[in-house]
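Dear colleague,

Please find below the sequence and structure that I am handing over to you. My findings follow directly after them.

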Amino acid sequence: VTSDDKHIVSGSREDTVKVWNLDTGNLEHTLWGHTSHGMAVALTLDGKHIVGGSRDRTIKIWDLDTGKEERTLKRYTNSVSALAVTSDSKHIVSGSWDKTIKVWNLDSGKEEL
């Protein structure tokens, strides 16, 4: 759920992430880019980005307003199964079935830990 309580996001078996309007129930965006179904989704608290992790071993970052994909993070050898965004919206924490946890800089896309 976005910090303004207006949208929710969901991962799907269609290899997409969907953005729903909570007031109307309508689908607002279908976000493409993953090549396998989504396992985890997270939103930045500043309301600017959606982060999606997938069985395709990548993390995608989309702009919440436009639905445009901004970046792909690739460093896993197995599915990305967990995602969280720090409260300052500057870092992504991700976990994978390859038994690793990584910390990424949201702006640069660089792995920091």
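A residue is called buried under 20% relative accessible area, exposed over 50% and partly exposed in between, with a 1.4 Å probe and protein chains only. By this scale aspartate 5 is exposed, as its relative accessible area is 51%.

Please note that this is a predicted model, in which local features need pLDDT of at least 70 and side-chain atom pairs count only at pLDDT 80 or more, while totals for chains, interfaces and linings use all residues. Residues are numbered from 1 along each chain as its sequence is written, and side-chain values use heavy atoms, with hydrogens and water left out.

Overall architecture

The protein chain has 0 helices and 10 strands; these are DSSP runs numbered from the N terminus, with at least four residues for helices (H or I) and at least two for strands (E). Along the sequence the pattern reads β-β-β-β-β-β-β-β-β-β. The radius of gyration (taken over C-alpha atoms) is 13 Å, which agrees with the value near 13 Å for a compact globule of 113 residues; the globule rule is 2.2 Å times the number of residues to the power 0.38. The C-alpha trace spans about 40 × 30 × 20 Å along its principal axes. Of the 113 residues, 46% are buried. Contact means heavy atoms within 4.5 Å; among contacts between residues at least 6 apart in sequence, 30% join residues at least 24 apart.

The open sheet

An open, antiparallel sheet is formed by 4 strands in the order β4-β5-β6-β7, where two strands pair if DSSP finds at least two bridges between them. Strands β4 (38-43) and β7 each have a single partner strand and stand at the edges, so one side of each lacks a neighbour in the sheet. On average, neighbouring strands of this sheet are turned by 20° against each other, direction ignored; the axes are lines fitted to C-alpha atoms, for helices over the stretch in contact, and angles run from 0 to 180 degrees between N-to-C directions. Strand β6 (residues 58-63) runs antiparallel to β7 and is joined to it by 5 bridges. Threonine 58 stands opposite lysine 74 in β7.

The aromatic pair

Rings of Phe, Tyr and Trp (its six-membered ring) pair if their centres lie within 6.5 Å; planes under 30 degrees apart count as stacked, over 60 as edge-to-face and the rest as tilted. The count by this rule is 1 aromatic pair. Tyrosine 76 and tryptophan 104 form this tilted pair, at 6.5 Å centre to centre and 55° between the planes. The pair links distant parts of the chain, 28 residues apart: tyrosine 76 lies in the loop between β7 (69-74) and β8 (80-85), and tryptophan 104 in strand β10 (residues 101-105). Both residues are buried.

Individual residues

Aspartate 5, in the segment before β1 (7-11), has a positive phi near 60° although it is not glycine. Serine 89 likewise has a positive phi near 60°; serine 89 is placed in the loop between β8 and β9 (91-96) and counts as buried at 7% relative accessibility. Asparagine 105 belongs to strand β10 and is buried, with a relative accessible area of 18%. Leaving aside residues up to four places away in sequence, asparagine 105 touches Lys90, His91, Lys110 and Glu112.

With kind regards
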